[in-house]
Amino acid sequence: MFTSYTNHALLKRIAVDDIKAFEELYQRYAGKMLVYALNILKKRDVCEDLVQNVFIDFWSKRKTNSIENVEAYLFRAVKFQVFNYFRDHKFSNEDLTRLNIVDVSMNAAKKMEYDELESTIQDVVNQLPPRCKEIFELSRYDHKSNKEIAETLNVSIQAVKNQISKALITIRANLHREELLFFFIVFFENHF
Amino acid sequence: MLFIKKISNLTCTNVFFSVHIINQSILIFISMNLKQAKELFDKYINNQCSPEELELLETFLDSYQDGNAVLSDNNLQDVKESQDRIWKDILTQIEDKTSYRKTYPFKSYLAYAIAASVVVFLAIGVFNQFDKVETETQSKIVSEESIKIGTDKAILTLEDGTSIALEKGKNYDDDNIRSDGERVIYQGDEQENVESKITYNYLTIPRGGQFFVKLSDGTQVWLNSETQLKYPVSFIKGQPRNVELVYGEAYFDVSPSKLHNGATFSVTSKGQHVEVLGTEFNVKAYQDEDLTYTTLVEGMVMVATENQEGLKLKPGQQVVLNEMENTLVVSSVDVYGETSWRNGMFSFKNLALKDIMTVLSRWYDVEVAFKDKEAENIKFNGVLSKHQDLEKILTTIQNTGFINQFEIENKKVTIE
C-alpha cells in the first residue's frame, strides 16, 4: 500500500505512529544498509544489531525528526554506528571485510570524534572541482550506484567512475592525519 | 557457484586428515566436501557432535569466513533473512517497548558456509595420523628434461654492455665486484667528485633463479626470479642514492643515511618511486602483473607516483599501486608472508590456484596451463618450502581433491 509513497510522505505517516509506513521505509533501505555495514565489518550479528539500532532510534525520534534526505540520513546513521563500534571495541584485521584499512591498531586507543572527522573530510570534498564533487557526493553521501548517477546526469558510467576515482585520489592526498585517512578509507572507499 | 558442481564429483565419503612431511615443513590437510559439512552442521544442531567433529567444524568455518564471499549474488538470500529477522526484533521493541538480547541460531551459518569451500593447510606442531584415502587417478609425469628447483643464478651486465653469467660454482672478480656465483658484492669508496658520471650495472635474474647483491654503500638486495635491477657501481658522496627495479621482486635492506652523509636512498619501479630512510622493505612489480606491491618491514618509506605525492608507510603496511586505475591503496599485511620468499618459503594466503601457479612457474621455470578452468579460482592457504620438487607440491595439491590430476611434460604443467 505504501510502495507508491515518496519518502517524505512516508515520514509524515511515520510521525503519526503508522507502523506499516515505517515498515515500508525499512524495506526500502535496510538491505542496502546491511550490505554496506557488511562491506566493512565481517561480523554479521554485529552488523544486524547496528542496522537495527538505527531504525529503533529513528522510530523513537519520529515525532521530532525533520529530515530532508532520508536515504542520506539513514546511511550516515549506520556509518556512525559502525564508527562507534570501531571506537569502542578491539578488532583485528580478521574482522574486517576488506583489507583497505590503514593501521588497524588505531581504534579504541585514539580519541576519534565522528563529527570532527566528518567535517574535515567535507572541507576537503568541497575543494573538489564542481562536477567531481557532485558525482562524489551522489555516490558516497547519497549512496547512488554508478548507473543511477550516470542516468541522472546524462553521462557515461565510465565518466562517473573516473570522477569518483579522481575524487578518491585527491581527497586521500589531502588527508594527513592517520585518523582521517582511516576514517576516509573505511567509509568512502568500500564501494565496488 | 561453480564450486558446488565440482564438489559433488568427489567420490570420497570420509573426512580425512593426511599428513605429509616434506623437508622441514609439516603440513596438515583438512578437506571436507559440502555434503560432509552439511551433515556435520545437522549433527551440531541436534547436539550429536563429538569433540573432534566440533573442532573440525570450527576449523572449517574459520577457513570459510576468511574468504571474500560476503557479498556475492548468492548471498542475497542471507541478506533477506537478516533483514526479516531484524524487522521482527524491531517490531517487538517498538510495540512492546521491551528490549531483549537477540540470539542467532547456528543454522544461519549453514547457508553462509554452503556457498563456497576453502581448503586449509596449516603448519602446526600437533597432528594426527589417519589412513589416507586412495586417489583413483594417477598423474602422468613425462620428462625428458627434468624440472629443476630454482637456484642462485643471475646475469650481470656491465656498463659497456658485457654480460657475465653468475652461477653457483663460478667465481668472478673484477675491480670492485666480487662474486662467488651465489651472490655479488660491490666494494669501493663513494666517488668524491660530484661531476663524475655514474656508471650503472644490471643484474638480471632469470626464471628459476634468485640472487643477492650487496651494493657499494652496503645496501643489501635479495632478488627473486624474473627480476632486473639497475644500480650504480658506486654512489656519489652526498648525493641521493637511487636504484631502479626495472621489473620483478626485490627485498631491500638499506644502509642508513647517516652513514652516507645523509644521502637518501630511493627505488624507482614501474610507475612509482619509493623514498627510504634506513630500512627494510619489499617491492613486487612483475612485468606480467598490473599491480605493484610495496611492503615495509622496518623503518619508514614514502611511496609516490606521478599523480600523487608521498604516501608514508609504517612497518607492517603494504601499498598496492594500480597504474591503470591510478590508485594507491594501503593495508596492513602479514609481513612474514609477503617476504618469506627470501627465506626459502612460499606463503599463500587465500590465493587462487591460478596465481599460485604463476608464482611456482617463476621459481621452477615452467609453463602452466589449466584444462579445468574452474580449478583456476580455487583458493588456498599454505606455507610450503621452496626447496622441494615441483612434483611434490603438485601432488600435495592433488591430494586435497580439488584438482583431478596434473601432467608434466618437459617443462609444461597441465592442471586437470
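Modeller: A crossing is left-handed if the near helix is turned anticlockwise from the far one by less than a right angle, and right-handed if clockwise. Before we use that, note that this is a predicted model, where local features need pLDDT of at least 70 and side-chain atom pairs count only at pLDDT 80 or more, while totals for chains, interfaces and linings use all residues. Residues are numbered from 1 along each chain as its sequence is written, with chains lettered from A and ligands numbered from 1 in the order in which they are written.

Biologist: Which way does α2(A) cross α3(A), left-handed or right-handed?

Modeller: Right-handed. Helix α2 (residues 19-38) and helix α3 (residues 44-60) of chain A pack at an angle of about 145 degrees, and their axes are 10 Å apart. Among the residues making the contact are A:F22, A:Y26 and A:M33 of α2(A), with A:C47, A:L50 and A:W59 of α3(A); contact means C-beta atoms, placed from the backbone, within 7 Å.

Biologist: What classes of residue make up the contact of α2(A) with α3(A)?

Modeller: There are 13 nonpolar residues, no polar ones and two charged ones. As for the rest of chain A, its secondary structure comes to nine helices and zero strands.

Biologist: Why does B:K314 count as partly exposed?

Modeller: A residue is buried with 20 or more other C-beta atoms within 10 Å of its own, exposed with 12 or fewer, and partly exposed in between. B:K314 has 15 C-beta neighbours inside 10 Å, so it counts as partly exposed. You can find B:K314 in the loop between β20 (311-313) and β21 (317-322) of chain B. The C-alpha atom of B:K314 is 7.3 Å from that of B:G299, although the two are 15 residues apart along the chain.

Biologist: What makes β26(B) and β27(B) a pair of strands?

Modeller: Strands pair if DSSP finds at least two bridges between them. Strands β26 (residues 406-409) and β27 (residues 412-415) of chain B have four bridges, in the antiparallel sense. B:E409 stands opposite B:K412, and B:N410, in the hairpin of these strands, takes a positive phi near 50 degrees.

Biologist: Which residues touch the most other members of the largest nonpolar core?

Modeller: A nonpolar core is a set of buried Ala, Val, Leu, Ile, Met, Phe, Trp, Tyr and Cys residues joined through C-beta atoms within 7 Å. The largest has 40 residues, and B:L203, B:V221, B:L223, B:L229, B:A250 and B:V319 touch the most other members. Strand β14 (residues 241-253) of chain B gives the most to this core, with five residues. Another core, of 29 residues, lies apart from it and includes A:A37 and A:L50.

Conventions
Axes are lines fitted to C-alpha atoms, for helices over the stretch in contact, and angles run from 0 to 180 degrees between N-to-C directions. Helices (H or I, at least four residues) and strands (E, at least two) are DSSP runs, numbered from the N terminus. Two residues are in contact if their C-beta atoms, placed from the backbone, lie within 7 Å. Ala, Val, Leu, Ile, Met, Phe, Trp, Tyr, Cys and Pro count as nonpolar, Asp, Glu, Lys and Arg as charged, and the others, Gly among them, as polar.
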